Each structure stands twice: as C-alpha cells, then as structure tokens.
Amino acid sequence: MTWEEALALCENYTFANYDDWRLPNIKELRSISNDQLSNPSVSTTLFSNKVANAYWSSTSEVRHADQAWFVNFEIGLVSHEMKTIKHHVRCVRSETDTQTNVDEDSKTVPGDLELYQNYPNPFNPETAIGY
C-alpha cells in the first residue's frame, strides 16, 4: 500500500482491544532489524509473517516532502522513495504516552558508550554525538 494508505490503516486499526496503533517512525522500524541476519533481517521467532519485504515508516524525507523512509527487511536496508510506491505496513503502539522511558532530567553519565554504524544515516550524515 502507499504511504498515505499505511498511515490511515494504522491510525484506524483496532486489534487486541487497542485502538491506539500508529505507523512506526524510521528509528523504531530500523531498531527491529538485526545486521547479523538477512532474508529476513529480523528474528523469525518474533516476526514470522512475510517480513523479508519493504515496510513504510511514518518519517517523511526532509528535503523531499513527496518521499518517506522505509526499511527493507530482506537485508535491513534503510532508504526513502516516493510515497506513491506500494510497500508493506507494520503498525505499532506504545504502552505509555511517551516514546521512551528515559528520564530527561537525569544527571547520570553513562559508564560506557557504544556506537554502531548505521550507514547511510537517514537522519543527518553530520550528526555530532556528545555526552
């Protein structure tokens, strides 16, 4: 289905007595891909139905409003293309009102930091990470 159809499907989706489903953003969608796996690049224990395909995210491409980001779960490829192209859809929901459970006011400095290459960086190729 197209990107617009995917957004509408998730927005109106009801399953397991929940009606707060949505299309995941590109970070959420990419997070389930495992770089050590291919065809599909996700756990078949957790995701058993036809996952080696391209799935839409809710994230539009910043410089091209007529394009959106997707993940191809055959190899974990992150890319973008025209919103009129047909891809698969995976709706998600959050258990709480926030996207993460990180305390934004925390003054704790992490003991260690690991960075993994996510090439290409779909968000900003010049990202500077400080801590």
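Visitor: Is Arg30 buried or exposed?

Guide: Arg30 counts as buried, because its relative accessibility is 14%, and the cut-offs behind that word are under 20% relative accessible area for buried, over 50% for exposed and partly exposed in between, with a 1.4 Å probe and protein chains only. This is a predicted model, in which local features need pLDDT of at least 70 and side-chain atom pairs count only at pLDDT 80 or more, while totals for chains, interfaces and linings use all residues. Residues are numbered from 1 along each chain as its sequence is written, and side-chain values use heavy atoms, with hydrogens and water left out.

Visitor: Okay, and where does Arg30 lie?

Guide: Arg30 is part of helix 2, which covers residues 26–31; helices here are DSSP runs of H or I with at least four residues, strands are runs of E with at least two, and both are numbered from the N terminus.

Visitor: Which side chain does Arg30 make a polar contact with?

Guide: The side chain of Arg30 makes a polar contact of 2.7 Å with the side chain of Asp35. A polar contact is a pair of N or O atoms within 3.5 Å; within protein, one atom must be able to donate a hydrogen and the other to accept it, and residues adjacent in sequence count only if both atoms are side-chain atoms. Asp35 and Arg30 also meet in a salt bridge, at 2.7 Å from N to O, where a salt bridge means a side-chain nitrogen of Lys or Arg within 4 Å of a carboxyl oxygen of Asp or Glu. Asp35 itself counts as exposed, because its relative accessibility is 51%.

Visitor: What lets side chains pair up like that?

Guide: In general, side chains of opposite charge can pair when their charged atoms come close.

Visitor: How many salt bridges does the structure hold?

Guide: There are four salt bridges in the structure. Another one of them joins Arg22 to Glu28, with the closest N and O atoms 2.8 Å apart, and a further one joins Glu61 to Arg63, where the closest N and O atoms are 3.3 Å apart.

Visitor: Are Glu61 and Arg63 buried or exposed?

Guide: Glu61 is buried, because its relative accessible area is 4%, whereas Arg63 counts as exposed at 68% relative accessibility.

Visitor: Back to Arg22, then: where is its place?

Guide: Arg22 sits in the loop between helix 1 and helix 2, and with a relative accessible area of 23% it is partly exposed. The side chains of Arg22 and Glu28 are joined by a polar contact of 2.8 Å, and a polar contact of 3.1 Å joins the side chains of Arg22 and Ser94.

Visitor: Where is the place of Ser94?

Guide: Ser94 lies in the segment after strand 3. Its C-alpha atom is 8.0 Å from that of Trp21, although Ser94 and Trp21 are 73 residues apart in sequence.

Visitor: Switching topic, how many disulfides does the count come to?

Guide: The count comes to one disulfide, a disulfide being a pair of cysteine sulfur atoms within 2.5 Å. Cys10 and Cys91 form it, with their sulfur atoms 2.1 Å apart. This pair links distant parts of the chain, since Cys10 is in helix 1 (residues 3–11) and Cys91 is in the segment after strand 3 (77–82), 81 residues apart. Both Cys10 and Cys91 are buried, and their link is left-handed, with -90 degrees about the S-S bond.

Visitor: And how do strand 2 and strand 3 run?

Guide: Strand 2, residues 64–72, and strand 3 run antiparallel and are joined by six bridges; two strands pair if DSSP finds at least two bridges between them. Gln67 stands opposite Met82 in strand 3. Strand 2 and strand 3 form a hairpin with four residues between them, and Gly76 in the turn has a positive phi of about 85 degrees.

Visitor: Last one: what elements does the whole protein chain have?

Guide: The protein chain has two helices and three strands, which run α-α-β-β-β from the N terminus on. Of its 131 residues, 28% are buried.
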